[in-house]
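Subject: Handing over a structure

Hi,

Here is the structure I promised to pass on.

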Amino acid sequence: LLDGVYPFYLQQRKASMYDVSTIIVIVVFLTFACSFLLIIPGIRGRVRLYWSLRVLFSLIMGVVIVTVQFTGDWETGWVRANTSYKSFSPALVSADIGLHIGLVGVNISLRGNPVDQVNETINYNEHFAWSFNADYDQSYSQGLERGLPRPILYVAEKFTMRSPCSMQRQYRISSHYASATLWVAFCTWLISNMLFSMPVLVYGGYMLLVTGAFMIFSLLSFSTVRNSPMCLIQFGTATLHTGYGGSFWLTLATGLLCFVAGISVVTLHYCNLDLLKTFFDLREDKSEECQEMTEV
């Protein structure tokens, strides 16, 4: 205790949506994109536009598949309530409590309204991980030792293993399956790029369809948790409700885009092969070789 109250730390906490892993992934893909932009002036004619569309479209798919693995906004929710700020203290504060659920853990935010109340700055954000190499209950125990605000501990307790709500077990299993299917989608995305470069165009289109299918499977896996009965997270008369966040809808949009691209490639292969070859910059002297590879 410090002057009869629990101590609170002053340093900034982890952001609710982005962390170091997300930034690293984005920087790596931006490096690839910038490297391509440096060589694109050497490509002549309309082929420059076709190359730009193909490369940028492929990089967007790849960065989305990898980035959503580390984001924390697959499911989000906010509520404004008057709640106690410290344990064993009758003082109430007006604050916004946020819950951000990702594939690797949960973020809980507490933001005062206004920020400065009870002689303190109320602006917290805590991350509790449940990945394979993390112990959620240990993170929760460390939060108790640090003296986190009571609303954060109340929400975090709902996800502990000993909680009767079993929310961590539900979200952890669904998140692990969603993450696994996304990594499979990343592998099929790599295979589709290799097939397009060989070039075996129709099979590259098939692999784009498989990539989109696995991305949809990941969404179905994560959404199954909402079919189970959930414990209410209440602060007085206010209830914290969650809904699908930006990462969920971004994954859905990218999966549908993969379906559209895959169907377009397969359709052009059977209906207008010359247009497909033009888009992929296939030379005329290699047409017979490409036809034989496609038949194989």
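Below is what turned up, starting with the whole chain and then moving to a few places in it.

Before you dig in: this is a predicted model, where local features need pLDDT of at least 70 and side-chain atom pairs count only at pLDDT 80 or more, while totals for chains, interfaces and linings use all residues. Residues are numbered from 1 along each chain as its sequence is written, and side-chain values use heavy atoms, with hydrogens and water left out.

The chain has nine helices and seven strands; these are DSSP runs numbered from the N terminus (helices are H or I, at least four residues; strands are E, at least two). Of the 296 residues, 47% are buried, meaning under 20% relative accessible area, with exposed over 50% and partly exposed in between (1.4 Å probe, protein chains only). Take contacts between residues at least 6 apart in sequence: 68% of them join residues at least 24 apart. Contact here means heavy atoms within 4.5 Å.

Now to S84, which sits in strand β1 (residues 75-84). Is S84 buried or exposed? It counts as buried because its relative accessibility is 13%. Its side chain makes a polar contact of 3.3 Å with that of R150 (a pair of N or O atoms within 3.5 Å; within protein, one must be able to donate a hydrogen and the other to accept it, and residues adjacent in sequence count only if both atoms are side-chain atoms). Neighbours within four places in sequence aside, S84 touches S89, A91, L92, R150 and P151.

P151 leads on to helix α4 (residues 150-157), whose buried residues are P151, I152, L153, V155 and A156. Their cover includes β1, β2 (92-101), β3, β4, α3 (136-146) and β5 (234-235).

Two of those covering strands also go together: β3 (residues 105-117) and β4 (residues 120-129) run antiparallel, joined by nine bridges. Strands pair if DSSP finds at least two bridges between them. G105 has A129 in β4 as its bridge partner. The two strands form a hairpin with two residues between them, and V118 in the turn has a positive phi of about 45°.

Finally, V20 lies in helix α1 (residues 20-39). V20 counts as exposed because its relative accessibility is 59%.

Happy browsing!
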